[in-house]
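Colleague: Hello! I am new to this one; could you show it to me and let me ask how you know what you know?

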Amino acid sequence: MHFPLFLSLLSCLTLFAYCAPTPFQAEFDLALRELSDLVQRSGVDDEFLSLTRRADHQVMINLRGHQLTLQKFANQGNSHSVVYTVATPGSFHGDFAKTNVAESELAATTAAGAVQLAGYDSSHRRWMIVRRSPGMHITQTSTFRRVAHDPAQCDVLLRRAAKLAAATMMSYWQHTGWLQNDPNLQNDPNLQNVLFDDHMTVAYVIDWGQAIRPHSQPSEAQIEAQAYHMFSSSGFCRPVAPPPMGPPRGGATAHGSSTRPSAKGSSRRVMMQF
């Protein structure tokens with residue numbers, strides 16, 4: 001099939017999917033997710049890929065007596081589940097809803113204590129409502145922002161983050177037997193599955209779609225080293241670029257006119273606070 005024809009067919013499919021009645025929307029979303037995975041593996045450019053990543057429609061489901069309105073979530077993660085957020089006011093508002101959930105993901109997420117509700121809708125599709133984590137991405141914490149432009153202090157923070165992440169993953173393994181495997185497989189380049197509190201004293205592990213049950217005890221030191229490698233390779237810690245240099249104080253410009261002395265600047269050392 002010629003590429004322009006394939007692009008046209010995909011555009012028609014996408015338009016048809018987003019105009020579909022809500023009872024069939026989840027099926028179309030699942031089909032589009034599988035198509036998105038296929039297109040991504042083919043190396044097609046971002047504009048073409050974005051056709052399968054729009055998040056401007058809703059799905060309505062009835063799950064164990066709860067009528068829920070779901071909004072497609074922009075970041076679909078690494079598993080083959082389709083992810084939504086609950087838009088209905090109430091106890092589930094803001095939580096995540098996932099369909100096409102594998103047995104292992106449901107078991108691991110339940111063991112981690114994150115499942116709010118699970119079951120089948122009227123179309124016999126399995127859903128899982130996952131409690132939203134109180135954590136935030138490392139770059140959103142005030143602790144990170146205080147040291148982000150000091151490479152040395154920022155590196156200290158990344159090492160602390162890796163240690164927290166490894167300790168949390170090991171704690172889950174010790175209590176449940178499940179190990180969150182995304183950071184180890186380096187499938188999470190944006191580090192979306194390890195979150196922190198604002199003070200960077202607590203780590204939260206989310207998205208158990210690729211969790212495993214190791215036959216032997218995992219190495220916490222190895223997990224920490226791998227987590228640090230991911231954090232340090234992320235490019236989060238960047239020094240502030242120096243301001244552009246002005247003409248010499250009291251000197252002449254290129255046209256021979258004198259310049260006004262600039263105000264004397266001051267520097268401030270950012271101290272690390274945990």
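Colleague: Why does lysine 98 count as buried?

Modeller: Buried means under 20% relative accessible area, exposed over 50% and partly exposed in between, with a 1.4 Å probe and protein chains only. Lysine 98 has 6% relative accessibility, so lysine 98 counts as buried. A word on the source: this is a predicted model, where local features need pLDDT of at least 70 and side-chain atom pairs count only at pLDDT 80 or more, while totals for chains, interfaces and linings use all residues. Residues are numbered from 1 along each chain as its sequence is written, and side-chain values use heavy atoms, leaving out hydrogens and water.

Colleague: What does the side chain of lysine 98 make a polar contact with?

Modeller: The partner is the side chain of glutamate 105, at 2.3 Å. A polar contact is a pair of N or O atoms within 3.5 Å; within protein, one must be able to donate a hydrogen and the other to accept it, and residues adjacent in sequence count only if both atoms are side-chain atoms.

Colleague: And threonine 88, why is that one counted as buried?

Modeller: Its relative accessibility is 19%, so threonine 88 counts as buried too.

Colleague: Which residues is threonine 88 in contact with, leaving aside neighbours within four places in sequence?

Modeller: Those are Gln67, Leu68, Thr69 and His93, where contact means heavy atoms within 4.5 Å. A polar atom of the threonine 88 side chain also lies 2.6 Å from the backbone nitrogen of threonine 69.
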